[in-house]
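Work through the exercises below with the sequence and the model open. Each task is followed by a solution in steps.

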Amino acid sequence: MKSIVIDPITRLEGHGKIHLFVNDDGSLANCYFQIPELRGFEKFCQGRPVEELCRIVTRICGVCPDAHHMAAAKAADGVYGAKLPPAATKLRNLVYNAFYAGDHATHFYALSGPDFVCGPDAPPAERNILGVVAKVGLEAGKAVIAQRAAGQRIIEIIGGKKVHPMTALPGGMSKRVSKAEQQEMIKLGEQMVEFAKFTIQILNDVVLANKAYVDLILSNSFTHQTYNMGLVDANGKVNFYEGKVRVVGPDGKKHAEYEAKDYLEYVAEHVEPYSYLKYPYLKKIGWKGFVDGVDSGVYKASPLSRLNVSDGMATPLAQAEYERFYETLTKDKSGKTMVHATLATHWARVVELVYACEATLMMAKDDEITSDTIHVPPKKENFVGEGVGIVEAPRGTLTHHYKTDQNGMVTEANLIVGTTNNNAPITMSIKRAAEGLIKKGTPITNGTLNRIEMAFRAYDPCFGCATHSLPGEMPLEVVVHDAESGEIVDTTYRNC
Amino acid sequence: MTNKPLLILCLGNEIVSDDAFGPAVSRALRDEPDLNRHADILFAPVAGFHLLDLFQGRDKILIVDTIVTGTAAAGTLHSFPAGVLTPSKHLTTSHQISLPTALELGKRLGLKMPEVVDVVAVEAQDLETLSEELTQPVRDALDGALARIRAWVAENAVEDVQYAGKQ
């Protein structure tokens with residue numbers, strides 16, 4: 001038996017390591033996905049005022065500080081039993097959608113885009129955003145930069161800072177928005193909607209028009225039938241900031257729909273000795289190992305999952321793209337037939353990008369966001385001492401759960417972040433992709449390894465917050481061991 | 001307010017042990033009026049595309065960060081032009097784009113990118129534990145880093161200047 005190690009994985013946050021154990025006949029025996037860890041977050045939180053966590057948690061992930069800020073604020077709202085004024089909820093929603101639009105754009109153009117625009121066999125030196133710009137044109141690069149700037153300006157207006165927002169606090173927000181700022185955000189929102197249309201065109205022209213890519217997306221190597229999880233609003237539409245958590249089975253049947261505070265009734269965490277990162281699963285079904293199907297508690301929480309659990313999108317252009325997505329992939333535009341192709345997550349992310357841009361514009365036009373009443377101080381008699389905040393981070397359902405003493409000082413903290421939800425399906429996707437690609441007598445090329453990486457890149461994993469580790473892009477090193485003797489029989493380096 | 005042509009860009013994370021080196025340097029330099037006359041001093045817990053945003057319009061940038069080369073003792077200071085040595089902790093981000101990619105993208109898009117990007121990085125001992133405390137070797141490296149930064153500004157400032165440290 002041989003062991004193939006992919007370490008570290010390129011173009012995702014954190015330092016993951018993949019071990020592939022290959023039998024002598026070339027077939028794949030097993031797959032292990034290891035994640036390092038930043039130690040002691042729960043202890044770090046203890047003894048701090050719960051309202052302080054809203055600002056601290058933005059530092060545990062360099063990729064989605066806004067998501068942690070919002071989940072922490074919602075959990076702190078729960079601790080104090082706070083009731084938000086409508087303007088505060090709308091401001092949080094608005095800034096969160098602006099953040100989403102930037103984050104999804106970054107992934108599409110800088111991370112997943114290179115795989116499709118440049119191709120999985122392109123040299124690593126070309127398979128990046130520069131390669132995308134070279135192929136698609138400078139206009140794409142300028143559009144991405146402008147989109148990011150627009151989103152960051154809205155975050156700065158509402159959140160106080162461009163990158164790490166700091167204005168959400170128990171009971172609402174701490175910074176008002178002026179009429180002039182509202183007008184500026186409307187213009188930025190209009191610009192973002194145009195960017196969304198531009199991205200749809202790029203997706204059509206470069207990805208969907210290429211039959212080889214579409215075949216790759218739909219291939220069995222990149223398919224898993226698991227449960228799906230995501231927030232939905234009162235109408236069952238995708239929502240990133242608020243609503244109930246809905247879980248739907250691979251057969252399309254609803255498994256659960258619950259309030260954030262009840263999450264422990266539905267989700268538990270499995271531990272494997274070789275990984276720091278836990279494996280959440282559906283408690284009422286149970287952990288059955290790394291297997292898919294209705295009898296396995298493994299679930300996904302991703303852009304594709306959110307589309308799969310929802311009844312559609314709340315804005316018109318996004319709804320049209322939702323219907324096109326399902327019509328193309330299932331021949332049923334209603335979305336009632338699930339899509340299980342992991343690589344379709346990239347397309348789902350574009351549908352969400354369109355929604356985020358439209359929602360930003362729609363919410364910016366709401367005059368209530370300029371209200372003076374943006375914060376209602378929590379009342380002592382409403383104090384609860386425990387709160388759960390759930391939002392949809394771009395890479396999955398994000399849960400913050402805090403318990404405090406009677407003075408609001410944190411005694412316990414628990415986080416289930418987006419990528420953690422997907423730990424089991426990522427492991428399964430890597431194994432499935434490897435099974436389809438690694439054959440006896442077929443050399444393992446950079447292109448082969450990149451296709452394996454594509455299996456988990458679709459999840460947009462961010463191990464920075466999943467394990468509280470931090471980023472670093474390094475060369476890819478592949479080591480093949482003879483399992484019998486332990487000797488290294490081959491080593492491949494990829495300098496990214 | 002107009003940006004100064006020189007930028008001391010301190011990267012890092014205040015709550016991840018030695019990764020708080022950048023913010024510690026930023027705090028130490030904030031009160032040096034001589035230095036602040038010639039260079040902006042900025043702490044930014046960011047990487048990737050965000051660096052591109054911060055680079056625009058500057059002539060020369062000195063980045064302060066942490067690094068793990070594995071070949072030097074914790075607390076060792078490294079000075080190098082960006083992109084030459086092992087990437088420092090925040091100069092690359094696998095989630096977005098690396099520093100060289102960010103610079104190249106900026107140039108191709110016609111943005112004004114700095115002509116010089118230098119790095120002062122400290123060899124870290126602990127980049128895993130959530131803590132607001134630097135380890136002792138890295139704490140001991142602070143004064144040396146400040147001296148290198150003052151020398152860099154003196155060398156790159158438009159007018160001839162000398163710094164004696166905090167006034």
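Helices, of type H or I with at least four residues, and strands, of type E with at least two, are DSSP runs numbered from the N terminus. By that count chain A has 16 helices and 16 strands. The model is a predicted one.

**Exercise 1.** Determine how confident the predictor is along chain A, and where pLDDT stays under 50.

Solution. 
- Step 1. Take the average: the pLDDT of chain A is 85, and 87% of the residues score at least 70.

**Exercise 2.** Describe the burial and the contact range of chain A as a whole.

Solution. 
- Step 1. Chain A has 496 residues, of which 63% count as buried.
- Step 2. Consider contacts between residues at least 6 apart in sequence: in chain A, 67% of them join residues at least 24 apart.

**Exercise 3.** Compare the span of α4(A) with the expected one, then locate its bend.

Solution. 
- Step 1. α4(A) has 33 residues; at 1.5 Å a residue, 48 Å is expected.
- Step 2. From first C-alpha to last, α4(A) reaches 46 Å, which is close to that value.
- Step 3. The bend is at Ser112(A) and amounts to about 60°; Pro114(A) follows within four residues.
- Step 4. For burial, 31 of the 33 residues of α4(A) are buried.
- Step 5. After the helix comes Gly119(A), with a positive phi near 95°.

**Exercise 4.** Which residues of helix α8 of chain A are buried, and why do they line one face of the helix?

Solution. 
- Step 1. Helix α8 of chain A covers residues 211-218, and Tyr213(A), Leu216(A) and Ile217(A) are buried in it.
- Step 2. Viewed down the axis of α8(A), the buried residues fall within an arc of 100°, so they line one face of the helix.
- Step 3. The cover over these buried residues includes α4 (86-118), α7 (179-208), α12 (344-364) and α15 (446-457) of chain A.
- Step 4. At the start of α8(A), a side-chain oxygen of Asn210(A) comes to within 3.0 Å of the backbone nitrogen of Ala212(A).

**Exercise 5.** Is Arg150(B) buried or exposed, and which side chain does its own side chain contact?

Solution. 
- Step 1. Arg150(B) lies in helix α6 of chain B, residues 142-156.
- Step 2. Its relative accessible area is 15%, so Arg150(B) is buried.
- Step 3. The side chain of Arg150(B) makes a polar contact of 2.7 Å with that of Glu32(B).
- Step 4. Leu29(B) is 121 residues from Arg150(B) in sequence, yet 9.3 Å from it in space, C-alpha to C-alpha.

How values were computed:
Residues numbered from 1 in each chain as written. Chains lettered and ligands numbered in written order. Predicted model: local features only at pLDDT ≥ 70, side-chain atom pairs only at ≥ 80, totals over all residues. Heavy atoms only, no water. Buried < 20%, exposed > 50% of the residue type's maximum accessible area, 1.4 Å probe, protein only. Arc of directions from axis to C-beta. Contact = heavy atoms within 4.5 Å. Polar contact = N/O pair within 3.5 Å; in protein donor to acceptor, adjacent residues only side chain to side chain. pLDDT = per-residue confidence, 0-100. Expected span 1.5 Å × (residues − 1). Bend = angle between axes of the 7 residues up to and from the residue.
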